Amino acid sequence: MSQQQWALHKLSKWLECNVDGIYEHLPWSYAPSSCLKLLPDGKFRFCKECVSFGYQSVFNNIISHRICAMHKLPLTEACALCAKKHLAGFHDCSSIFQPAIRCAACGFQDIGILSEIKMRHSPGLIETIKEYGSRQAEWYSALGALGWSVRDYCNFYLVDDVYRDYLTGPLEQLTGLDSPETLSGSTKDKQPIVFLRSRLKSSSLIGSRVEPQSVVCNKLLHRHLAGHQLCLSHLSQMVDYPNGKEMEICLCPVSLAYILLCTKDIYSIQASSGSASARIEGLEKLELPLRPPEQVFSYRDAVLVFLSILGKLEYYVSKGQSFYVLSRPEHKYLFQNETSGVILKKSSYSFRNLCRSKPPRIRVFRDGIGGPILIISDLKERPNRDYRATKRVIF
């Protein structure tokens, strides 16, 4: 039950008076309720090591948990067939599914009652779970204590695997704690961050001076790309629509971040004829849109998106794996409202000047049939045109 249900239940006060240490067993004593939501019906996660010797924790089905408390391994989601048959065992008048072999699709192996009873006598089991579990609880409580300023980031971290991968390091730096991912050794992100509190409130934007997208883009060009004009020219040829030019060049993170900013259209703005965004997209002869393009409220916000893209590029390049770059206007970077702030991964000077390194360390490739931009981390690697086999990063 929830904390509110507990407070209203008839037996709650009696239990509190008669059961010593009752609060040690109540989940909201360890983490905010937002961290304790269960997976959707019909789904459950498990640890492959645990089920091999007869153990499955109910905590694995909490949506924010992704790591096994005992083996420090990422949890696996059961396939639809195993989930349906196993979860049926928790309903009254239902037989418990007991397959004889491990599932070839997901690796699940049902837990017999005798195996589980035997397992629970394992020395140190409770101590191991309690030690790692308490550190998990401390982490989730710290996320809740960060307050409204980073609420959106915490919510995305809790429920979205992509955001969790990217936000673990920043949230560790804000809380001063190790995340479950770091405790398990499954991730290590030490890229510095900067947390900027929002200076603008939505109400203050009304009647304020606004600037067209072309003006904002030109300001960015003069301030951040003065020494990267040749790189920008090559990248512009590469991403020119409709098909672009098939080529392979040295990665210039500053130029690529600028192009991604233009092509994603700041705040979902449609590229207008004659704007810097339109030139980058090869749309100089673009017909006027049915509705007039919106305007950017703040040049500062555009700079924050630009710096966010740079930091994200360095984060994924540092992993040493090739990936496709996909630009999507609906992808959020800034969660700004009256109470929120902005988390930015800081890019290093050496990364921003990769294009000047000799020999080139990172390459950029795009085929001539309109495919996405591919970042190739290994100089010996050949371009892989199988989009499904290569990681895709949304900007």
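## A guided tour, starting from the core

Of the 62 residues in the largest nonpolar core, select Tyr-258 and Ile-375, which touch the most other members. A nonpolar core is a set of buried Ala, Val, Leu, Ile, Met, Phe, Trp, Tyr and Cys residues joined through side-chain atoms within 4.5 Å. Buried means under 20% relative accessible area, with exposed over 50% and partly exposed in between (1.4 Å probe, protein chains only).

Before you go on, know that this is a predicted model, in which local features need pLDDT of at least 70 and side-chain atom pairs count only at pLDDT 80 or more, while totals for chains, interfaces and linings use all residues. Residues are numbered from 1 along each chain as its sequence is written, and side-chain values use heavy atoms, leaving out hydrogens and water.

Now colour helix H14 (residues 299-317): twelve residues of this core, its largest share, come from here. Helices (H or I, at least four residues) and strands (E, at least two) are DSSP runs, numbered from the N terminus.

Next, show the strands. Five of them form an open sheet in the order E4-E7-E8-E5-E9, with mixed pairing. Two strands pair if DSSP finds at least two bridges between them. At the edges, strand E4 (247-250) and strand E9 (391-394) each pair on one side only.

Zoom in on strand E7 (residues 363-366) and strand E8 (residues 373-376), which run antiparallel and are joined by three bridges. Which residue of E8 does Phe-365 stand opposite? Leu-374 is the one to click.

Helix H11 (residues 229-239) lies across E4, E7 and E8, running at about 150° to E4. Axes are lines fitted to C-alpha atoms, for helices over the stretch in contact (heavy atoms within 4.5 Å), and angles run from 0 to 180 degrees between N-to-C directions.

**A helix pair**

Select helix H6 (residues 125-145) and helix H7 (residues 151-159), whose axes come within 9 Å and cross at roughly 150°. Trp-139, Tyr-140 and Leu-143 of H6 meet Cys-154, Tyr-157 and Leu-158 of H7.

**The cysteines**

How many disulfides are there? The count is zero, taking a disulfide as a pair of cysteine sulfur atoms within 2.5 Å. For Cys-35, the nearest cysteine sulfur, that of Cys-154, is 8.0 Å away. Cys-35 is buried, with a relative accessible area of 2%. Finish at Cys-355, where the nearest cysteine sulfur, that of Cys-252, is 3.8 Å away.
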